[in-house]
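Hello,

Here is the structure I promised to pass on to you. Please have a look at it first, and then read on for what I found.

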Amino acid sequence: MNEQQGSSGPVRHHVPDYRYHTLVVTVENKSGVLARLAALFSRRGFNIESLAVAPTDDERFSRVTVVVDLESAPLEQIIKQLDKLINVVNIRELHPGHAVERELMIVTVAAGPDRRDELVEHLDRAGGKVLSVGADAMMLSLVGPPGRIDEFEELLGHFGIIELQRTGRVALANLDEDD
Amino acid sequence: MKMDGGQALIRALELEGVDVMFGLPGGAILPVYDPIIDSSIRHVLVRHEQGAGHMAEGYAHATGRPGVAMVTSGPGATNIVTPLCDAHLDSVPMVVVTGQVPYAAIGTDAFQECDTTGITQSVTKHNFLVSKAQDIPRTIKEAFHIATTGRPGPVLVDIPKDIVDPDNPRSALEWTDDVEMDLPGYNPRTEVDSAAVAEAADLIRAAERPVLYVGGGILKARAAEALRELAELTGIHVVTTLMARGAFPDSHDLCLGMPGMHGNFTAVTAMQESDLLIALGARFDDRVTGRLDGFAQGARIIHVDIDAAELGKVRRPDVAILGDCRVAIEALVSDLTSGGVGGADRDAWRSRVSGWQERFPLSYEQAGAGDELKPQMVIERLRDATPDDTIVASGVGQHQMWASQYWSFEHPYTWINSGGLGTMGFSIPAAIGAKAGCPDKMVWAVDGDGCFQMTAQELVTATVEKIPIKVALLNNSYLGMVRQWQEMFYDERYSEVFLSKDVPDYKGWAESMGCVAMRVDSPEEVDAAIAKANEVDDRPVVIDFRVTATENVYPMVPAGASNSELVVPPSQQDQRR
């Protein structure tokens with residue numbers, strides 16, 4: 001899920017990393033909690049670059065990976081306001097470069113028989129998979145760091161993107177990092 | 001023990017020590033009103049749900065205990081949104097119970113259904129939608145815990161009808177006395193970091209121009225006595241913000257009064273010229289700081305707050321102390337007692353401060369013979385004719401500023417107002433709530449005519465429920481504060497601010513609501529009217545003070561200006577260069 005507020009035009013592509021910071025927020029797995037997070041971001045004018053939510057191994061909790069735009073608010077204030085939400089149990093900051101970040105893209109690309117080989121070559125190099133082949137199009141998937149997905153998405157633009165869906169990033173701290 | 005949800009809800013409120021609640025029944029909350037008949041809790045039936053919310057706030061302000069209100073779903077819930085927001089901004093502990101349509105009907109646009117938890121999410125500290133009767137006791141316990149601990153605030157509990165309706169099997173539950181709270185994400189911190197305290201104490205020792213900048217958090221932390229000890233130990237002057245009036249006695253030598261947009265010259269200027277601001281439970285509100293980049297530029301900042309998000313939100317502190325204000329002040333006092341208060345030379349500073357006090361006292365032009373009544377004079381006479389532990393509840397506007405300026409607050413919890421949200425109509429219901437919580441104290445509402453017309457119907461509540469508050473209505477026939485801004489900043493182009501001199505007939509209106517009512521037109525009548533009002537103890541009193549319409553509140557920092565650009569009253573303007 002991608003969510004963006006209060007700015008114009010796509011910001012997802014080719015943005016310098018320092019503007020963004022990843023927070024891993026553990027929340028109680030209760031109805032309405034995501035709405036509270038979203039409302040907080042909206043009310044305080046914090047911009048979200050990406051948001052991914054899923055249950056954890058403990059069914060009482062969910063984990064939210066949220067990429068915040070630090071141009072809209074200082075990180076400290078975002079964390080402190082999040083921490084005030086009663087349903088937020090824990091917030092972990094993942095410093096850029098100290099975390100493994102992954103995103104999944106599924107995309108349908110215009111590619112007739114004459115261009116399939118070329119497309120598959122690019123896909124192999126990027127480490128993606130062919131999910132399905134149609135008469136004039138192919139459906140592909142790619143998992144990787146958000147930057148590599150951006151690059152591949154741009155490359156696919158030369159073929160013609162029919163439909164595209166990205167998950168928003170999930171992240172874990174590098175092994176052997178403190179904290 | 002077998003119970004139904006409605007009985008369990010009332011039982012849970014009783015266990016929290018609730019002695020009075022304010023509310024108005026309706027369809028969805030009806031089943032909960034039945035067990036109220038058999039409860040020890042006093043229920044005050046209001047005339048509008050907004051009144052219930054402000055009464056709960058007034059009760060909480062005056063007693064320190066959480067205020068409780070109960071209303072029905074839909075319009076009942078939306079009518080109490082304003083008090084929730086008011087309590088949220090002023091950190092008032094309050095628990096509001098709202099009825100909701102049956103759980104299975106939620107989302108179907110049923111009669112009197114609204115998304116109460118969605119609507120109130122951003123104006124509460126937290127809210128709950130209870131889905132099962134068995135969860136009611138635990139949720140009520142959690143609601144009171146959240147409302148009263150950490151930074152206090154309003155908590156709303158939304159109760160679907162089916163889980164409290166004894167005719168519905170979903171309302172059955174097994175009551176147990178020892179329910180455990182389940183709040184894994186809520187751990188308010190009260191203890192303070194001793195290293196930060198030591199650092200703060202060193203700054204205090206070295207400061208030559210320190211000021212204690214005291215906010216409403218002092219009152220929430222029950223820290224007025226500790227504050228006095230700190231001020232007297234160090235000899236540091238104190239300013240009390242609008243939310244902290246009464247936290248330090250106005251008559252004390254070290255008290256400089258209220259800072260901010262309509263603060264007095266010395267309080268505002270001392271902060272501007274300070275080299276160390278010790279902010280205690282204050283949040284650097286724009287009405288206090290004026291233009292931020294022009295605020296107290298030479299001051300280092302010690303900021304004590306129980307809400308981590310306030311530390312550094314507006315102004316970056318040099319020393320941040322997270323925790324309870326009373327605990328922090330006591331730690332500071334202990335450090336400064338054992339380590340000494342330091343030898344900084346503050347003589348020059350003290351003489352500057354007293355120089356400002358002499359040259360720029362609060363002042364207004366007295367009425368001459370035959371002139372109209374001055375609102376400030378009414379406040380002064382009321383102040384002098386009432387016990388010094390009188391509780392004053394104010395509305396919002398010019399009268400609020402005059403009450404804060406010209407009253408002399410000697411005790412904590414004697415001043416109740418809507419600071420953050422600025423809710424017109426606050427005073428009458430807040431005064432009723434305060435009086436319900438403190439029946440032995442005299443409670444005066446200081447109100448304006450614009451405010452009065454917003455919530456006056458609660459005087460019916462006061463009469464019927466025998467809650468004898470007194471109302472000093474400063475009637476200038478205008479939305480006075482807006483009129484003042486139009487005079488000063490809109491070239492005297494008055495747009496939609498004139499109400500009416502004679503409509504409504506306030507005396508007749510108040511009498512029709514069961515009050516003793518008087519009308520005062522001239523300065524000579526003021527004292528007698530107040531004396532008569534003070535003798536009435538069995539019903540509310542309203543005095544319609546017909547005051548001059550053109551009086552302005554001074555001093556004033558124009559919106560967007562720096563505090564150094566404070567405008568003093570015309571009589572003092574020659575002294576400013």
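The peptide bond from B:Tyr554 to B:Pro555 is cis, with omega near -5°.

Before the rest, some housekeeping. This is a predicted model, in which local features need pLDDT of at least 70, side-chain atom pairs count only at pLDDT 80 or more, and totals for chains, interfaces and linings use all residues. Residues are numbered from 1 along each chain as its sequence is written, while chains are lettered from A and ligands numbered from 1 in the order in which they are written.

**Confidence**

The predictor gives the complex an ipTM of 0.90 and a pTM of 0.94. For chain B the mean pLDDT (the predictor's confidence in each residue, from 0 to 100) is 97, and 100% of the residues reach 70 or more. Chain A averages 87, with 88% of its residues scoring at least 70. Please take care with residues 1–16 of chain A, where pLDDT stays under 50. The model has 22 contacts beyond four places in sequence for that stretch; two residues are in contact if their C-beta atoms, placed from the backbone, lie within 7 Å. Where pLDDT is low, the predicted coordinates should not be read in detail.

**Between the chains**

**Domains**

Chain A is divided into domain 1 (17–96) and domain 2 (100–173); the bounds come from an automatic or database domain assignment. Their centres, taken over C-alpha atoms, are separated by 28 Å. Domain 1 of chain A brings 8 residues to the contact and domain 2 of chain A brings 7. On the domain 1 side, strand 1 (20–28), strand 2 (47–55) and strand 3 (61–69) of chain A each give two or more residues. Strand 2 of chain A gives the most, with 3 residues. That side has 5 nonpolar, 3 polar and no charged residues.

Chain B is assigned domain 1 (2–174), domain 2 (194–359) and domain 3 (375–546). The C-alpha centres of domain 1 and domain 2 of chain B lie 38 Å apart, and 6 residues of domain 1 are in contact with 6 residues of domain 2. The domain 1 side of that contact divides into 1 nonpolar, 3 polar and 2 charged residues.

**Helix packing in chain B**

Helix 3 (residues 49–63) of chain B has two partners to look at. Its axis comes within 7 Å of that of helix 5 (residues 81–89) of chain B, at roughly 25°; axes are lines fitted to C-alpha atoms, for helices over the stretch in contact, and angles run from 0 to 180 degrees between N-to-C directions. Helix 3 and helix 5 of chain B are therefore roughly parallel (angles under 35 degrees count as roughly parallel, over 145 as roughly antiparallel, 65 to 115 as roughly perpendicular and the rest as oblique). With helix 17 (residues 427–437) of chain B, the axes come within 6 Å and cross at roughly 50°, which makes helix 3 of chain B oblique to helix 17 of chain B. The contact of helix 3 with helix 17 of chain B has 10 nonpolar, 7 polar and 1 charged residues.

Elsewhere, helix 11 (residues 265–273) and helix 14 (residues 347–359) of chain B pack at about 150°, with axes 9 Å apart, and are therefore roughly antiparallel. B:Phe265, B:Thr266, B:Thr269 and B:Ala270 of helix 11 meet B:Val353, B:Trp356 and B:Gln357 of helix 14.

**Backbone details**

Another cis peptide bond joins B:Val503 and B:Pro504, with omega about 0°. B:Pro504 sits in the loop between helix 20 (480–489) and helix 21 (506–512) of chain B.

Best wishes

Conventions:
Helix = DSSP H or I, 4+ residues; strand = E, 2+ residues; numbered from the N terminus. Nonpolar A, V, L, I, M, F, W, Y, C, P; charged D, E, K, R; others polar.
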